Amino acid sequence: MIPFLDIRRINERHGPALAAALNDVMGRGQFILGPCLTSFENAFARYCERDHCVGVGNGLDALVLCLRAYDIGPGDEVIVPSNTFIATWLAVTMVGATIVPVEPDPYSYNIDPAAVAAAINPRTKAVIAVHLYGQPADVQALRSLTKGLDIKIIEDAAQAHGSRAHGRRAGSLGDAAAFSFYPGKNLGALGDGGAVVSNDAEFIETVRALANYGSRTKYVHSIIGQNTRLDEVQAAFLGVKLPFLDHDNAARRQVAQRYLEGLQGTGLTLPYVAPWAESVWHLFVVQHPRRDEIARILRSQGIETGVHYPTPPHLQGCYSEVFKNSRFGISEDIHRHVLSLPISPVMDPEDVEAVITQVRRATQSLM
Ligand SMILES: *Cc1c(COP(=O)(O)O)cnc(C)c1O
């Protein structure tokens with residue numbers, strides 16, 4: 001069996017250090033807003049080449065807090081990609097703002113700056129640039145579009161910890177960035193977690209207050225807050241794993257490189273990475289007109305695959321009424337054809353070769 005992503009094995013490598021971290025927190029008896037959180041926030045800000053970081057409960061809340069701290073709400077428009085994990089859209093809905101989906105570039109799968117340019121109007125308050133599958137979106141192009149306008153660029157970096165655009169880290173490209181530490185992400189906790197990073201100290205203090213009952217001083221509540229904090233145990237676990245992130249991303253890159261070589265000439269559409277971008281290969285996504293059949297054949301050979309994602313947000317039950325007259329053809333086409341091959345920092349080279357062999361066989365048998 002070749003698993004799609006072996007999370008157990010990823011964490012097993014850190015077993016003793018994670019156990020020691022848990023013991024340490026238990027010994028102190030402080031589980032919320034303690035020294036492990038502060039230490040991880042500082043380390044993660046530095047890693048992202050930003051001045052400030054706030055640990056929060058999960059990636060969705062990180063996005064919501066960014067929008068709330070920028071005072072974005074009813075009557076405001078937020079431009080989002082039409083193909084993304086649904087959390088990007090839900091964050092906009094949760095603050096009562098209007099979702100304005102735009103189509104992706106069909107090669108990089110990331111938001112198309114030309115489509116964003118066409119969607120900008122006086123009600124536009126933010127663009128959420130999702131770094132999908134681990135490759136940074138073209139934030140530089142978005143910045144030149146929004147120059148001089150009161151439009152914030154928020155990175156949804158939930159799939160892109162450590163990736164770079166023009167040499168700069170994801171998380172340092174826009175005005176603010178939201179990260180998720182869901183266990184399956186490139187930097188994963190052993191539970192839920194998330195973070196907001198930015199260089200804007202005032203914005204960060206607002207996020208910190210909003211995430212902690214709207215309180216800057218204990219029992220003083222000046223704004224309507226929520227409760228979404230990164231707890232000490234998860235912060236301690238993340239502090240153990242962060243120093244290995246670059247190493248793990250390099251291991252993913254090696255797997256991706258082998259796939260890119262080994263899957264030439266199979267009729268699959270292979271991932272395209274822009275020359276200025278460094279992907280961290282959260283997912284290795286190929287396209288094929290008969291992807292369901294390929295997935296079935298691979299499964300019969302003991303190889304797990306995934307589909308990211310089977311249904312675009314505008315066709316989901318929760319949004320289908322609002323967007324019933326909208327068509328996002330590029331996005332729908334992508335969703336029909338994508339297939340994610342196994343990739344992880346702990347994948348054995350023999351397994352990578354086995355996947356290549358079996359994918360070649362499967363595509364040949366369908367020709
Ligand atoms: C995982 C993910 C999120 C949400 O993160 P959670 O921690 O699960 O809330 C948001 N956006 C994208 C693109 C994601 O992949």
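**Close-up views of cavities, pockets and helix contacts**

**View 1. The second largest cavity has a volume of about 90 Å³.** The model shown here is predicted, and for that reason local features need a pLDDT of at least 70 and side-chain atom pairs count only at pLDDT 80 or more, whereas totals for chains, interfaces and linings use all residues. Residues are numbered from 1 along each chain as its sequence is written, and side-chain values use heavy atoms, with hydrogens and water left out. A cavity is a set of points, on a 1 Å grid over the protein atoms alone, where a 1.4 Å probe fits but cannot get out, while a pocket is an open set with protein on both sides within 12 Å along at least five of seven lines, and lining residues have an atom within 4 Å of a point. Grid points are joined across faces, edges and corners, and a volume is the space filled by probe spheres set on them. Around this second largest cavity stand Ser108, Tyr109, Leu132, Tyr133, Gln135, Pro271, Tyr272, Val273, Ser279, Trp281, Leu283 and Val285. Its lining comprises nine nonpolar and three polar residues, with no charged ones (nonpolar means Ala, Val, Leu, Ile, Met, Phe, Trp, Tyr, Cys and Pro, charged means Asp, Glu, Lys and Arg, and polar means the others, Gly among them).

View 2. Sorted by class, the lining of the largest cavity holds six nonpolar, three polar and four charged residues. In the structure as a whole there are two cavities of 30 Å³ or more.

**View 3. The largest pocket has a volume of about 570 Å³.** It is lined by 30 residues, and Phe85, Gln159, Tyr182, Lys185 and Tyr309 are those that lie nearest its centre. At least two residues of this lining come from each of helix 4 (59-69), helix 5 (87-94) and strand 8 (176-180). Nonpolar residues number 17 in the lining of the largest pocket, alongside nine polar and four charged residues.

**View 4. The second largest pocket holds about 390 Å³ of space.** Leu33, Arg208, Asn212, Ser215 and Arg229 are the closest to its centre among the 21 residues that line it. Helix 3 (35-47), strand 1 (52-56), helix 8 (201-211) and strand 10 (215-217) each supply at least two residues of the lining, and helix 8 gives the most, with four residues. The lining of the second largest pocket divides into eight nonpolar, seven polar and six charged residues.

**View 5. Helix 3 packs against helix 9 (residues 232-241) at an angle of about 40 degrees, with their axes 8 Å apart.** From helix 3, the residues Pro35, Cys36, Leu37 and Phe40 make the contact, and from helix 9 the partners are Glu232, Ala235, Ala236, Leu238 and Gly239 (contact means heavy atoms within 4.5 Å). This contact of helix 3 with helix 9 has seven nonpolar residues, one polar and one charged. Axes are lines fitted to C-alpha atoms, for helices over the stretch in contact, and angles run from 0 to 180 degrees between N-to-C directions.

**View 6. Helix 2 (residues 15-28) crosses helix 9 at roughly 145 degrees, and the axes come within 9 Å.** In this contact, Ala17, Leu18, Ala21, Leu22, Val25 and Arg28 of helix 2 meet Glu232, Val233, Ala236, Phe237 and Val240 of helix 9. By class, the residues of the contact of helix 2 with helix 9 are nine nonpolar and two charged, with no polar ones.

**View 7. Helix 11 (residues 291-300) and helix 14 (residues 349-365) cross at roughly 135 degrees, with axes that come within 10 Å.** Ile294, Ile297 and Leu298 of helix 11 meet Gln358, Val359, Ala362, Thr363 and Ser365 of helix 14. The contact of helix 11 with helix 14 includes five nonpolar and three polar residues, but no charged ones.

**View 8. A cis peptide bond joins His308 and Tyr309, with omega at about 15 degrees.** Tyr309 sits in the loop between helix 11 and helix 12 (317-320), and this tyrosine is also one of the residues nearest the centre of the largest pocket.

**View 9. Asp71, a residue other than glycine, has a positive phi near 60 degrees.** Asp71 is placed in the loop between helix 4 and strand 2 (77-81).
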